[in-house]
Amino acid sequence: MNVIIRKAELKDAANIVKAEQEIAQEPGFFCSQPSELSAQNVKDTIESSNGIYFVAECNGSITGHAFLEILPLQSLKHIAQLNIAVHKGFQNRGIGTQLMHRIIEWAIESESIEKIELNVRASNTQAIALYKKMGFLEEGCLKRRVKTSNGYLDDILMALHVKGALPDRKISRTGVYGVARENGKILLVIQKSGPFAGLFDLPGGGIEFGEDPVHALHREFTEETGMDFRLMNQIDNFSAVTRVPALHGKPGYEFHQIGLIYSVKGLHDLEENQKGCLKCDGWKFERLRKMLSRHLSGQ
């Protein structure tokens, strides 16, 4: 899926509020009721100079949106509140991840924002997994805060510090990765963010809440490469701790990664409009061996 992330325009308001009203019909996503959402409120937020509003667009249709609102009090102007939504029918396609990347980039480049905060219902496990994937940490829980037709929901408070020194953080993640070999080549991707940004990596990533390794690896291949596979067999696993230094205003942390490695077969392209979000290429084994040898020898 070829997704464009751009600034929201006033003409987008009608489509955005329609999508929000659809999402708000299901308990556990928005605090607002459908009747409490209006196009005028969306327009006011888009026009506000107190933050930024982005939309995700695919083939002329808006598939998601996200905005930051800088808190108004002088002593809190270093904090921005995040709101994000992937529209119905477009979940699990990497749209939320792309919106989050752009929002965080904008916050880092801003002069005033040091911290991004958000509230998320405890029942929205997919959103929580996405926020953790992007580096957000849980800072608290408001018990029985949201009242729905199905009962009460807790509200989880999460935050990402994009500037300033912080105590060392320790982040642990279990991931699943695929080794796709064909005609003497192995498929590699170039990571865009995280502790291995700019480096070659196997396609794959974190296992989200409620997923098993099979579903996680299929999802990651689809999101990152725009391809899928038919068979997978586990061949190895690893555990490593990496010290990630502070970079571009983002604080450093210790990253504990547990990886499940699978051999995948039957690699095939998806529909033409289902494009991956990472650059990928097939590397010959000999070329990769020589590159690793030079790296390990320090040349």
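1. A quick definition before anything else: buried means under 20% relative accessible area, exposed means over 50%, and partly exposed lies in between (1.4 Å probe, protein chains only). This is a predicted model, where local features need pLDDT of at least 70 and side-chain atom pairs count only at pLDDT 80 or more, while totals for chains, interfaces and linings use all residues. Residues are numbered from 1 along each chain as its sequence is written, and side-chain values use heavy atoms, leaving out hydrogens and water.

2. On to the charged pairs. There are 16 salt bridges in the structure (a side-chain nitrogen of Lys or Arg within 4 Å of a carboxyl oxygen of Asp or Glu). One of them joins lysine 88 to glutamate 26, with the closest N and O atoms 2.7 Å apart. That pair links distant parts of the chain, 62 residues apart: lysine 88 sits in the loop between β4 (79–86) and α3 (95–109), glutamate 26 in the loop between α1 and α2. (Helices are DSSP runs of H or I, at least four residues, and strands are runs of E, at least two, numbered from the N terminus.) Glutamate 26 is partly exposed at 35% relative accessible area, and lysine 88 is partly exposed at 36%.

3. Next, have a look at glutamate 139 and lysine 115, whose closest N and O atoms are 3.1 Å apart in a salt bridge. Glutamate 139 belongs to strand β6 (residues 137–148) and lysine 115 to strand β5 (residues 115–121), so the pair ties together parts 24 residues apart in sequence. Lysine 115 is buried at 13% relative accessibility, whereas glutamate 139 is partly exposed at 45%.

4. Finally, a network of salt bridges links Lys133, Glu208, Glu211, Arg219, Glu220 and Glu223.
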